[in-house]
Amino acid sequence: MTDLPLEPWQWPEETWRAKVNRVRAGRNLKPKTWPNGARCAVALSFDVDHETNELRDGGKSVGRLSWGQYGNRVGMPRILSLLAKEDIQASFFVPAVTALLYPDEQRRVIAEGHEIGLHGWIHEVNTAVPPANERELHLRSADTLEKVTGVRPVGMRTPSWDFSEVTLAIERELGLLYDSSLFADDDPYELIDKGEATGMVELPVEWIRDDAVYFNMNRFQALRPYTAPETVFDIFRREFDGAYEDGGLFLLTMHPHIITYRSRIWILEKLIAHAKAKGDVWFASHAEIARYVKAQAAL
Ligand SMILES: [Zn+2]
């Protein structure tokens, strides 16, 4: 007879302490000043999921797959031309399967001066994948993105921001500069791995700074777009204004198949105009920001 696993309320102190201490936020890396005397940094990111959201769930729905194709046909061209017009460099987190489906799209992203980061193999949920498989998928994804684009990624955003107990160890093995999947601060911080300072930068995310939360739609669940575009703009603008006030980081996550519709793309345009009107804001890729804060902190 084997012992049943303990319920959380039965755990001894060392069990819950060990879980909490597995990955922690260490030093706050908000710099005293940003480049060229800028008051705050703006990191725009696009998670290029395309068809992988549906493939990850089994890939049975042709309708949902076509939604992913919208991201390639309409979404990405709209985003890339806006960024070119505004002369802004951004970061694109790309599942390896997306890069294999659309290699020309990803080569264009690199050719136009943007960054490509890791975003899983097929948008798998890391906590549902056995550790050995998770490691192999991240390693294969890094090789695939490098093969397609010619550039080795230096950062990772885990699919669905789902971060397992072994994810950080794999990121360290890959020698990544930064992660952008965790939530422990508004501003960049150093990742601590079971009490050990890693020298790796976390550029934290939040669901409130994610377009999918407000606009995503699943016909077969109770999930409906329920937030008006004006309200979403207001939330994003307040997040930016707070970052500007604090001299910190404003990091926004968007998706090509969500933010680019004719009734929504103005949110991003108006947000960029609002930030630019301040006159002293640094728009940069995640990798540039991570490199800068790491150098300032002399990690
Ligand atoms: Zn994603």
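Modeller: A definition to begin with: helices (H or I, at least four residues) and strands (E, at least two) are DSSP runs, numbered from the N terminus. The model is predicted, so local features need pLDDT of at least 70 and side-chain atom pairs count only at pLDDT 80 or more, while totals for chains, interfaces and linings use all residues. Residues are numbered from 1 along each chain as its sequence is written, and side-chain values use heavy atoms, leaving out hydrogens and water.

Colleague: Where is phenylalanine 163 found, and is it buried or exposed?

Modeller: Phenylalanine 163 is in the loop between strand 5 (155-156) and helix 7 (167-173). Buried means under 20% relative accessible area, exposed over 50%, partly exposed in between (1.4 Å probe, protein chains only). At a relative accessible area of 15%, phenylalanine 163 is therefore buried.

Colleague: How many Å apart in space are phenylalanine 163 and threonine 127, C-alpha to C-alpha?

Modeller: Contact means heavy atoms within 4.5 Å. Leaving aside neighbours within four places in sequence, phenylalanine 163 has contacts that include Val23, Thr127 and Leu182. In sequence, phenylalanine 163 and threonine 127 are 36 residues apart; C-alpha to C-alpha, the gap in space is 6.6 Å.

Colleague: Which protein residues are the donors of the zinc ion?

Modeller: Donors are N, O and S atoms within 2.8 Å of the metal (3.2 Å for Na, K and Ca); water is not among the atoms, so sites may look incomplete. Here the donors lie 2.0 to 2.5 Å from the zinc ion. Their residues follow the spacing D-x69-H-x3-H in sequence. They are Asp49, which gives two OD entries, and, through NE2, His119 and His123.

Colleague: Why is the arrangement of the four donor atoms irregular?

Modeller: Four donors count as tetrahedral if all angles lie between 85 and 135 degrees; four count as square planar and six as octahedral if opposite donors are over 155 degrees apart and all others between 65 and 115; anything else is irregular. The arrangement around the zinc ion is irregular because its four donor atoms subtend angles of 54 to 140°.

Colleague: What is the relative accessible area of histidine 119?

Modeller: Aspartate 49 is buried, at 2%. Histidine 119 is buried too, and its relative accessible area is 1%.

Colleague: Which residue of strand 8 stands opposite tyrosine 178?

Modeller: Two strands pair if DSSP finds at least two bridges between them. Strand 7 (residues 189-193) runs antiparallel to strand 8, with four bridges. Strand 6 (residues 178-179) runs parallel to strand 8, with two bridges. There, the residue opposite tyrosine 178 is valine 201.

Colleague: How many of the seven residues of strand 8 are buried?

Modeller: Strand 8 covers residues 196-202. It is largely enclosed by the rest of the structure, because its buried residues number five.

Colleague: In the hairpin of strand 7 and strand 8, which residue takes a positive phi?

Modeller: Two residues lie between the strands of this hairpin. The one with a positive phi, near 50°, is lysine 194.

Colleague: Which helix holds glutamine 106?

Modeller: Glutamine 106 is buried, at 0% relative accessibility. Its contacts beyond four places in sequence include Val48, Met76 and Ile116. The element is helix 5 (residues 103-111).

Colleague: What percentage of the 299 residues count as buried?

Modeller: The protein has 11 helices and 10 strands. Its C-alpha trace spans about 65 × 50 × 40 Å along the principal axes. The buried share of its residues is 50%.
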